[in-house]
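Today I go through one model from its turns to its core, and I jot down each thing I look up.

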Amino acid sequence: MGKIPVIKRSGEVVYIDQSSLKIFSRDFSTSQRVEKSFYLDSFKIESRGKKYHVEIVLKSSDGEKISGRSEGAGTEKNLPKLVGEAVVDAFNIEEDISIDDIRTVSLAGKEFVFVHVTFFRDGKERWKIGISLLEKDFLSSVISSVIDALSGIVQ
């Protein structure tokens, strides 16, 4: 059997025997954690005085529904962050989570929504970026990006 070049993170190229790779990939795939995938079922935005109130419902691939809420300043700039916070609330994660930044980026002729999420736990801070294709509308894409950033955290 032939050898397959594999590039390590360090940039070093190593050659692995194909038979070894098949054994490794079989062991790797059976040890993976199975996670539910969630998608947007519905969301509602209400203006209450000078505040927005956001409610979302997410649905898992097996039909489970979860919901989340957030409320804050009724500004156009704050609304995407409130939508993201409602997603975080829906998952009821035992960490302090902050939606720090939301950007639309054009790559290869397509528009994507990037969300920067920071996680705080036991005095430590870490972050993740969630990404989704801008398809239906901006706020729906924000929801998908936050779900993407939370994947691996949510089980």
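**Entry 1: a residue in a turn**

I started with alanine 108, which sits in the loop between E6 and E7. A reminder to myself before going on: this is a predicted model. I looked up the backbone angle of alanine 108 and found phi near 50°, a positive value in a residue that is not glycine. Is alanine 108 buried or exposed? Its relative accessible area is 81%, and because anything over 50% counts as exposed, alanine 108 goes down as exposed. The turn around it belongs to a hairpin of E6 and E7, with two residues between the strands.

**Entry 2: the next loop along**

I then checked aspartate 122, in the loop between E7 and E8. Here too I noted a positive phi, about 50°, in a residue that is not a glycine. Aspartate 122 is exposed, and its relative accessible area is 73%.

**Entry 3: the sheet those loops belong to**

Next I traced the strands. E6, E7 and E8 make an open sheet of three strands in the order E6-E7-E8, and the pairing is antiparallel. Which strands are at the edges? They are E6 and E8 (124-133), each of which pairs on one side only. I wrote down an average twist of 20° from one strand to the next.

Then I went through the bridges. E6 and E7 pair in the antiparallel sense over eleven bridges; isoleucine 99 has valine 117 in E7 as its bridge partner. E7 and E8 also pair in the antiparallel sense, over ten bridges, and phenylalanine 112 stands opposite leucine 133 in E8. I also asked what lies across this sheet: H3 lies across E6, E7 and E8, and runs at about 135° to E8.

**Entry 4: the other sheet**

I found another open sheet of three strands, with the order E3-E4-E5 and antiparallel pairing. Strand E3 (38-48) and strand E5 (65-73) are its edges; each has a single partner strand, so one side of each has no neighbour in the sheet. The twist from one strand to the next averages 15° in this sheet.

Valine 57 has serine 67 in E5 as its bridge partner. As for helices, H2 lies across E3, E4 and E5, running at about 145° to E5. H3 packs on the sheet as well, touching E3 and E4, and its direction makes about 125° with that of E3.

**Entry 5: rings**

How many aromatic pairs does a search of the whole structure find? I got one. Phenylalanine 38 and phenylalanine 91 form it, edge-to-face, at 5.1 Å centre to centre with 85° between the planes. Phenylalanine 38 lies in strand E3 and phenylalanine 91 in helix H2, so the pair ties together parts that are 53 residues apart in sequence.

The cut-off for buried is under 20% relative accessible area. Phenylalanine 38 has a relative accessibility of 14% and therefore counts as buried; phenylalanine 91, at 13%, counts as buried as well.

**Entry 6: the core**

Phenylalanine 91 turned up again when I opened the largest nonpolar core, which has 28 residues. Phenylalanine 91 is listed there with Ile56, Leu58, Val87, Val146 and Leu150 as the residues with the most contacts inside the core. Where do the core residues come from? Strand E4 (51-60), helix H2 (79-91), strand E6 (96-107), strand E7 (110-121) and helix H3 (138-150) each supply at least two. H2 gives the most, with eight residues.

**Entry 7: the whole chain, to finish**

The protein has three helices and eight strands, and from the N terminus on its elements run β-β-α-β-β-β-α-β-β-β-α. Of its 155 residues, 28% are buried. Among the contacts with a separation of 6 or more, 33% are between residues 24 or more positions apart. The accessible surface comes to about 10,300 Å², and carbon and sulfur atoms account for 50% of that area.

Technical notes. Residues numbered from 1 in each chain as written. Predicted model: local features only at pLDDT ≥ 70, side-chain atom pairs only at ≥ 80, totals over all residues. Heavy atoms only, no water. Core = buried A, V, L, I, M, F, W, Y, C linked by side-chain atoms within 4.5 Å. Buried < 20%, exposed > 50% of the residue type's maximum accessible area, 1.4 Å probe, protein only. Helix = DSSP H or I, 4+ residues; strand = E, 2+ residues; numbered from the N terminus. Pairing = 2+ DSSP bridges. Axes fitted to C-alpha atoms, helices over the stretch in contact; angles between N-to-C directions. Contact = heavy atoms within 4.5 Å. Areas by Shrake-Rupley, 256 points an atom, 1.4 Å probe, with all protein chains shown as cover. Phe/Tyr/Trp six-rings, centres within 6.5 Å; stacked < 30°, edge-to-face > 60°.
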